[in-house]
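Subject: Structure handover

Hello,

Here is the structure I promised to pass on. Please open it alongside this message.

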Amino acid sequence: MSFLQFAFYFFAMILIGAAARVVTVRNPVKAALYLVLAFFSAACIWITLEAEFLAIVLVLVYVGAVMVLFLFVVMMLDIDVARLREGFARYLPVGAVVAAVMVIELGVVLTSGRFDLESMPRPSGHGQDYSNTREVGLLLYTDYVYAFELAAVLLLVAIVAAIVLTLRRRPTTLYQSPARQVRVTKAERLRVVQMPSESRNKENQGDPS
Amino acid sequence: MRLSDLQIWTITPEIIVAIMACAILMIDVAMPERARKTIGFGLTVSTLLLAAIAVVVGQDAGYTIGLYGLVVQDRVSDIAKLGICLITAVALVYGRSYTEERNLLRGEFLALALFGTVGMMVMVSANHLITLYIGLELFSLCLYALIALHRDSAEATEAAMKYFVLGALASGILLYAMSLLYGLTGTLELAGIRQSVSGFSADDLPLAVALILVIVGLLFKLGAVPFHMWVPDVYAGSPTSVTAYLASAPKIAAFVIILRLLAISLEPLLEVWQDMLIAVALLSIGFGNLVAIAQRNMKRMLAYSTISHMGFFLLGILSGDSVGYSAAMLYAVIHAVVSLGVFGCILHFSGEGFEADQLDDYRGLSKTDPWLAFLMLLFMLSLAGVPPTVGFYAKLSVFQAVIGAGLLWVAVPAALFVVVGAFYYLRVVKLMYFDEPVAKTPVRSSAAPLESRALLTVNGLLIIGIMPWIGVIAEACRNAILLVGS
């Protein structure tokens, strides 16, 4: 077994184990963390496939940004895990049928002879001076620069749409207004009350005259 | 490759509109509350006019491919871009007071409308499946948000949800079709696809699947029967100013992408898709016209009428020659102008807290506002296809094309359903001219802004077929299509 094969089996086993834990673990925070592990192992496998740039992007974007956001959401929302698991037994038969069909389909495709080692030989690797970051960048910023810019506009529209649809002032919500807080004067905050001095004698209390 | 080889000027109008949309978003934040609406609105309309001028100045009689093959500029894209910019600008002017009264006229509304226009312009000048798809998504995304902007209205939210879900489904289908086409032909460029497809035999199964999915995706977006379920809900549920926007210019964009994807790239398969489109076109014309009769809601009725008009438009496409394509293009342009006018009338008539979307609201309009009623009469006659109006010329050219293609048996039922359709258009005329006004109908036209009334008048007069523009446009469409075909 070459080192590359060993690395593949090592990361693949971690990947499958982590993926299985994502759906079986009870605590949603732990599930999210297992998903991070799964993404990371997948990135390692991509590196063995010479897709270094995509692997690093996967770690940066999915692990660094998306999953952290997921964790925030999971921690901030009050998710009732027991309620989510309620229908498990009820949905099990349908789920099992869908899973079985998918396994059969995969089996048919994989055993059809089009995916064995003869018909899918290992592609010859690139030389040492080959950088796939550079290649991706060249394509993205020359041939597809227009599509790339348009995708940026599309994302801008998505942001504008999301904000405009969710952000609105409700009259019942309480707001802080820093500008008004800064401008506050003594007269608004402090009220000096004139009152006669009180005697220590308890018998005089409640008798204002 | 030097920068000048990029032909970046082919996308000048898109660049202008996109930059100004971003600027309007920013200006809107910085402006004081009162100046906001006037300045933002003025900037939006002048941006669209500027883009229209840019199209005219940069027009190209030939066939230019730019930006590494992602973009094409030809007569068709020029005419379509010009139409899209002008029609969108007019639609925004019509909708101004309506939108303002419902407190929707914010910087985001205007920016989304502009980004949607960019999406349409990208679509009409796409020479590559990626550009085409991104343009389509850009436009659709803006439209979903524009519809949902009216958050206090349950109908608008429902319409946006339905449109979003079905639109996403249609996008998925179209994308799958594109991936199949890519897999089969090995290229994403439209000209390359055409070349590669002509090498296939017509009964190649994967190609047939790709073709069917392309057609289903496009017809979903177009709203033809049997993929029309979203049209009435979206037309009726959206704020009327958004309905005016989505019922007019997008039809031109839809024509161009159908032309480029189906009629040009997949023309070698003409015999296969012609039969499918015949079925869809006849179903749309029949179903749209019959169901429209039962509607009491004006916007719903117009939605079903649009479905039937889309059927006519497909009749032009399925003729499969340059006569048919130019007839379809003329039909799309005229339909956009007429729809713009009809929704302009509805917008003009509705006021604060009054939607003017029931047919009964139009009872006796000729007595309360004779000029508006007259304009509405012109639009209705044009939709019905009565001779002095442009609607007649549009239908005539489509029928000529269909009969010229030897499909007389398709033309006859279509013509019969035009007669059926005349009933519900004329019913509106009857309500306006022969019924007594309903006391509760508020008359607001005097308060409506003058500029939209003036534009509406121009719009109405354009509909009378003696105007020379119709010949000019018909000629331009014919020349444009001939160039593309060669």
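This is a predicted model: local features need pLDDT of at least 70, side-chain atom pairs count only at pLDDT 80 or more; totals for chains, interfaces and linings use all residues.

Chain B

Chain B holds 20 helices and two strands. The C-alpha trace of chain B spans about 70 × 55 × 40 Å along its principal axes. Buried residues make up 62% of the 486 in the chain. Take the contacts in chain B with a separation of 6 or more: 80% of them join residues 24 or more positions apart.

The interface

Chain A puts 19 residues into the contact, and chain B puts in 25 residues. Together the two chains bury about 2,100 Å². Carbon and sulfur atoms carry 80% of that area. On the chain A side, three residues stand out: Tyr146(A), Val164(A) and Leu165(A). They supply 30% of the area that chain A buries against chain B, more than any other three residues.

The side of chain A that touches chain B has 14 nonpolar residues, two polar and three charged. What does the rule find across the interface in the way of salt bridges? It finds zero between chain A and chain B. For polar contact, the count across this interface is one residue pair, with both residues at pLDDT 80 or more.

Best wishes

Definitions and conventions: Residues are numbered from 1 along each chain as its sequence is written. Chains are lettered from A and ligands numbered from 1 in the order in which they are written. Side-chain values use heavy atoms; hydrogens and water are left out. Contact means heavy atoms within 4.5 Å. Buried area is the accessible area (1.4 Å probe) that two parts lose on being put together, summed over both. A salt bridge is a side-chain nitrogen of Lys or Arg within 4 Å of a carboxyl oxygen of Asp or Glu. A polar contact is a pair of N or O atoms within 3.5 Å; within protein, one must be able to donate a hydrogen and the other to accept it, and residues adjacent in sequence count only if both atoms are side-chain atoms. Ala, Val, Leu, Ile, Met, Phe, Trp, Tyr, Cys and Pro count as nonpolar, Asp, Glu, Lys and Arg as charged, and the others, Gly among them, as polar. Helices (H or I, at least four residues) and strands (E, at least two) are DSSP runs, numbered from the N terminus. Buried means under 20% relative accessible area, exposed over 50%, partly exposed in between (1.4 Å probe, protein chains only).
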